[in-house]
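Dear colleague,

Please find below the structure that I am handing over to you. My notes on what was found in it follow directly after.

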Amino acid sequence: MSVAGFLAYAGLAMARDQSRTAVAIATERDVLTELFAMRRQLGWAGSNLNQAAKILNSGGDVPQLTQVMADVHRAADAVRMAADKVANRQADEAP
């Protein structure tokens, strides 16, 4: 499942479940808001990585590429962990 698909699924599941408390809903809403923000940032990072690849393919040098790649991997891991938390919470709450 893509990140966008997961976020849509999680949002719809939250909207359908009327038995949860306002605190649980607010917490998940905060997590989803952060996931959407991270997704946008990863999109920007992907664009920047494409620009770096273009420079490298034309014989140029990108001296900070290793650090940028490490940062992108950390951000992707953070998104994955947050998505897992939401998915696990939903699995725990399922009847």
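Which pattern does the protein follow when read along the sequence? The pattern is α-α-α, and the secondary structure comes to three helices and zero strands, where helices (H or I, at least four residues) and strands (E, at least two) are DSSP runs numbered from the N terminus.

Please keep in mind that this is a predicted model, in which local features need pLDDT of at least 70 and side-chain atom pairs count only at pLDDT 80 or more, while totals for chains, interfaces and linings use all residues. Residues are numbered from 1 along each chain as its sequence is written, and side-chain values use heavy atoms, with hydrogens and water left out.

Of the 95 residues in the protein, 21% are buried, a word that stands for under 20% relative accessible area, with exposed meaning over 50% and partly exposed in between (1.4 Å probe, protein chains only). The largest nonpolar core has nine residues, namely F6, L7, A10, L32, L35, V79, A82, A83 and V86; such a core is a set of buried Ala, Val, Leu, Ile, Met, Phe, Trp, Tyr and Cys residues joined through side-chain atoms within 4.5 Å. At least two residues of this core come from each of α1 (3-16), α2 (22-57) and α3 (65-93), and α3 gives the most, with four residues.

L42, which is found in helix α2, is partly exposed, with a relative accessible area of 24%. Leaving aside residues up to four places away in sequence, L42 touches V72, A75, A76 and V79, contact here meaning heavy atoms within 4.5 Å. The C-alpha atoms of L42 and A75 are separated by 7.2 Å, although these residues lie 33 residues apart along the chain. Across the protein, among contacts between residues at least 6 apart in sequence, 65% join residues at least 24 apart.

There is also a largest pocket to look at, and its volume is about 240 Å³, a volume being the space filled by probe spheres set on grid points that are joined across faces, edges and corners. A pocket is an open set of points on a 1 Å grid over the protein atoms alone, where a 1.4 Å probe fits, with protein on both sides within 12 Å along at least five of seven lines, and lining residues have an atom within 4 Å of a point. Of the 11 residues that line this pocket, S2, V3, V79, R80 and A83 are the closest to its centre. The largest share of the lining, five residues, comes from α3.

With best wishes
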